[in-house]
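Have the structure open as you read, and try to find each residue as it comes up.

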Amino acid sequence: MKIRVPATSANLGPGFDSCGLALDRYLYIEVFEPANEWTILHDLGEDIPSGETNLLVTTALEVVADLKPHRLKMTSEIPLTRGLGSSSSVIVAGIELANQLADLRLTDYEKMQIATKIEGHPDNVAPAILGNFITASFDSVEVDYVKASVPACEIIAIIPDYELATSASRGALPESLDYKDAVKASSRGNLLVAAMIREDLILAGKMMMQDEWHEPYRAALVPELAVVRELVKTSSAFGCALSGAGPTILILTPIGTSREIKAKLAEKLNLEKYEICNLNVDTHGVHVYK
Ligand code: HSE
């Protein structure tokens with residue numbers, strides 16, 4: 001059995017902790033024979049545990065405490081600590097691992113509840129489970145969500161060569177926001193979602209660029225964000241946003257224009273320090289091959 005979970009990009013600007021989309025880079029978990037203890041083969045580095053303290057196994061055991069240990073292999077195309085949902089993909093894979101091994105037959109709704117409670121916010125785990133573009137709300141007890149498709153566009157990811165821990169990036173956020181400012185920030189998130197659903201990427205892109213929940217506070221941690229924003233404003237692209245907690249930046253641009261945008265990026269950024277690539281929306285979410 002093999003479990004596949006997509007990468008995700010959370011927030012899209014003002015959809016902070018609420019919106020996210022699934023992307024076609026994947027985490028793969030191969031499940032081999034039962035064993036006396038959990039063993040995970042991987043080449044993700046010494047910092048990633050290879051036994052039952054790995055997030056994959058701790059998550060699976062949170063779902064089924066006496067799950068029979070197995071030998072596993074973890075392969076990931078999702079860069080770590082870059083804002084593309086690598087740890088959320090592991091949480092979703094852990095839930096699916098328990099689901100499959102214990103034959104729980106969890107519904108998407110049940111997976112969403114479990115994953116969101118573990119992660120604390122739904123914007124990465126939701127699209128990792130369901131694919132496409134998800135808008136969700138979590139009140140610490142229950143998560144509600146709507147799935148929508150992403151209008152046709154090209155997506156460029158600018159992935160810096162440095163890591164940014166989500167905890168550090170969240171640490172840059174203020175404790176509170178002024179009421180009027182929160183109302184304005186919220187209206188932009190609302191319009192982002194409405195525009196996506198109406199397939200109006202011009203308006204969605206405009207809202208992506210007007211986040212006031214988190215990007216202004218994180219900009220100092222991701223210096224290239226200002227450079228990319230300026231470039232996007234003077235190009236044919238719809239908009240750009242920090243992907244999750246960063247440092248990856250996502251650009252949404254009309255079909256056929258990503259080449260020209262990437263050429264402009266190459267003039268502004270030192271390409272040795274970035275992976276700049278096109279990504280596609282994943283429309284499936286977590287998938288099990290048997
Ligand atoms: N919404 C989250 C954040 C995503 O921006 O901090 C990363 O966990």
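In this predicted model, the ligand is surrounded by A10, N11, F16, D17, H121, D123, N124, T166, R170, R218, G244 and A245. Sorted by class, this shell has 5 polar, 4 charged and 3 nonpolar residues. Let's look at how the ligand is held, and then at where in the chain its neighbours come from.

- The side chain of D17 has an N or O atom 2.5 Å from a nitrogen atom of the ligand.
- N11 places a polar side-chain atom 2.8 Å from an oxygen atom of the ligand.
- R218 also has a polar side-chain atom 2.8 Å from a ligand oxygen atom.

- On its own, the ligand has 250 Å² of accessible area, and the protein covers 95% of that.
- The ligand takes up the space of the largest pocket.

- The chain is divided into domain 1, made of 2–148 + 282–289, and domain 2, which is 154–279.
- Where does the ligand lie relative to domain 1 and domain 2? Both domains give residues to the shell around the ligand, so the ligand lies between them.
- The C-alpha centres of domain 1 and domain 2 are 24 Å apart.
- The domains also touch each other: 25 residues of domain 1 are in contact with 36 residues of domain 2.

Terms used. Residues are numbered from 1 along each chain as its sequence is written. This is a predicted model: local features need pLDDT of at least 70, side-chain atom pairs count only at pLDDT 80 or more; totals for chains, interfaces and linings use all residues. Side-chain values use heavy atoms; hydrogens and water are left out. A residue is near a molecule or strand if one of its heavy atoms lies within 4 Å of it. A polar contact is a pair of N or O atoms within 3.5 Å; within protein, one must be able to donate a hydrogen and the other to accept it, and residues adjacent in sequence count only if both atoms are side-chain atoms. Accessible areas come from the Shrake-Rupley method with a 1.4 Å probe; for residues, only the protein chains shown count as cover. On a 1 Å grid over the protein atoms alone, a cavity is a set of points where a 1.4 Å probe fits but cannot get out, and a pocket is an open set with protein on both sides within 12 Å along at least five of seven lines; lining residues have an atom within 4 Å of a point. A molecule sits in a cavity or pocket if more than half of its atoms lie within 2 Å of its grid points. Ala, Val, Leu, Ile, Met, Phe, Trp, Tyr, Cys and Pro count as nonpolar, Asp, Glu, Lys and Arg as charged, and the others, Gly among them, as polar. Domain bounds come from an automatic or database domain assignment. Contact means heavy atoms within 4.5 Å.
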